2 protein chains.
Amino acid sequence: MNNKENLIDVSLDLFSKRGFSAVSVRDICGALNLKESALYYHFKNKEAILTYLYQQVDQLVDSMRERFDSAFSIAKKVSTKEMAGVAQGFFAHYYCDKNIRRLICMLSIERMSDPIANDKYLKIMYEMPLEQCNKVFRQMAERKLIKDMPADLLAQEYLGIITTVFDRHVLGNSDIDQGILEGCSEIARNISAFYKEIRV
Amino acid sequence: MNNKENLIDVSLDLFSKRGFSAVSVRDICGALNLKESALYYHFKNKEAILTYLYQQVDQLVDSMRERFDSAFSIAKKVSTKEMAGVAQGFFAHYYCDKNIRRLICMLSIERMSDPIANDKYLKIMYEMPLEQCNKVFRQMAERKLIKDMPADLLAQEYLGIITTVFDRHVLGNSDIDQGILEGCSEIARNISAFYKEIRV
DNA sequence: GTCTATAAATGGATAGAC
DNA sequence: GTCTATCCATTTATAGAC
């Protein structure tokens, strides 16, 4: 990991906690024992780091769209356990993934004053995942694995369970690992109840 | 509205958008055409404004606990329309209330670095409302108005619909009124589907 | 209760040596 | 690619006049 990568990593870490404006170039460099002028070799200015991280969000959303496509489309049968397991995986390995989680934290701060950040937040948090859930529920309904209900409603309800748990147990929690653990068990309980209502 | 109240109002407005650290004493006073020294007559320092706003959150949570108690406990019959209407009211007049909304925005920024803000966020956003929803669903189940399901699960699902809509359409939206409008119609649709699953 | 003036610290950013 | 040294704007906060 070279110093440019370190700079990006530390910046994301600080931005995701305190927000872009509250983090100084000194803070970023201090965390790496670098002088400020070294940062300006890698980035034109402080803003350029934020722009770089925003681009990472766009790339991530695009790459995830593909990954979900191949992962979900093969579901053939389904059970309560499986349903809960997939939701937990979604929670733990998408939303709670260290990089995705920090990007979401950062965006959830910046979105309050920056419409562009708000767009990106909505995409990574809801729009892209909803697209994927939609597909899956539509397929499941076609295969008569679940009741015939509007797929978009099911997707919203399903994803709402996961994102709410993410907001309650992970975002803002100083003990992330503990939050993921609690979150997983709450998801299991809520998704089980959800599946009970939609299974054939 | 005297100048202390104005200072609090403007501070909340700016903190809720940019976050506490990103707002300067100059910004606050500039918005009111006041000199910085005037602020220091009313508040010991910048931090004291934040502390004051945090206390407002505590008071609000306490006062809301009482208000909900009296408003909800009288429900005797229930319909899809009523169910959706109550949820919309909850959304529009609790979460989207100008002051509550701005406090939540502020806390949703500060919580990323401040555990105390996180506690307050969870209380105003979830814990207190969940307590109230819990009571209502328990009562409704007792009166055989809905299926016999665990009240806490129902409360979580019900509130999850509202808070998700709030996050998607209001927080970070530069056109709040439009967001509330969209949010209300989405809530109507989702709560109707929810009620269909739990009614007797 | 608000003003002017000012102190002292912290912020982003650049020039030039190595 | 990183360092020293430095510049200048902005920030929080105080003292004292009105």
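Domain bounds here come from an automatic or database domain assignment. On that basis, chain A is divided into domain 1, residues 1-43, and domain 2, residues 54-198. The model is a predicted one, in which local features need pLDDT of at least 70 and side-chain atom pairs count only at pLDDT 80 or more, while totals for chains, interfaces and linings use all residues. Residues are numbered from 1 along each chain as its sequence is written, and chains are lettered from A and ligands numbered from 1 in the order in which they are written.

The C-alpha centres of domain 1 and domain 2 of chain A lie 30 Å apart. Contact between two residues is taken to mean that their C-beta atoms, placed from the backbone, lie within 7 Å. By that criterion, 6 residues of domain 1 of chain A are in contact with 5 residues of domain 2 of chain A. The side of domain 1 that touches domain 2 in chain A divides into 3 nonpolar, 2 polar and 1 charged residues. In this classification Ala, Val, Leu, Ile, Met, Phe, Trp, Tyr, Cys and Pro count as nonpolar, Asp, Glu, Lys and Arg as charged, and the others, Gly among them, as polar.

The relation between the two chains comes next. Two copies of a chain are related by a rotation about an axis and a shift along it. Chain A can be laid on chain B with an RMSD of 0.0 Å by a turn of 180° and a shift of 0.0 Å along the axis. That is the relation of a two-fold axis. The superposition is by least squares on the C-alpha atoms of residues with pLDDT of at least 70 in both copies.

Between the chains, 30 residues of chain A are in contact with 30 residues of chain B. Helix 1 (3-18), helix 6 (98-110), helix 7 (115-142), helix 8 (151-169) and helix 9 (176-198) of chain A each supply at least two residues of the side that touches chain B. Helices (H or I, at least four residues) and strands (E, at least two) are DSSP runs, numbered from the N terminus. Helix 8 of chain A gives the most to this side, with 7 residues. The residues of the side of chain A that touches chain B divide into 11 nonpolar, 14 polar and 5 charged. Because 100% of the interface residues of chain A are also interface residues in chain B, the copies meet through the same surface.

Two of these helices may be considered individually. The expected span of a helix is 1.5 Å times one less than its number of residues. For the 19 residues of helix 8 of chain B this gives 27 Å, and the end C-alpha atoms are 27 Å apart, which agrees. A residue is buried if 20 or more other C-beta atoms lie within 10 Å of its own, exposed if 12 or fewer, and partly exposed in between, with C-beta atoms placed from the backbone. Of the 19 residues of helix 8 of chain B, 16 are buried, so this helix is largely enclosed by the rest of the structure.

The 23 residues of helix 9 of chain A should span 33 Å, and the end C-alpha atoms are 32 Å apart, in agreement. Its buried residues include Gly179(A), Gly183(A), Ile187(A), Ile191(A) and Phe194(A). The buried residues of helix 9 of chain A pack against helix 5 (80-95) and helix 8 of chain A, together with helix 8 of chain B.

Attention now turns to the DNA. A residue is near a strand if its C-beta atom, placed from the backbone, lies within 6 Å of it. DNA strand D is surrounded by 15 residues, the closest being Lys35(A), Ser37(A), Tyr41(A), Ser24(B) and Asn45(B). Helix 3 (36-42) of chain A, with helix 2 (25-31) and helix 3 (36-42) of chain B, each supply at least two residues of the surface near DNA strand D. Helix 3 of chain A gives the most, with 4 residues. This surface divides into 5 nonpolar, 5 polar and 5 charged residues.

DNA strand C is surrounded by 14 residues, the closest being Ser24(A), Asn45(A), Lys35(B), Ser37(B) and Tyr41(B). Helix 2 and helix 3 of chain A and helix 3 of chain B give two or more residues to the surface near DNA strand C.

Asn33(A) is found in the loop between helix 2 and helix 3 of chain A. Its phi is near 55°, a positive value in a residue other than glycine. With 7 C-beta neighbours inside 10 Å, Asn33(A) counts as exposed.
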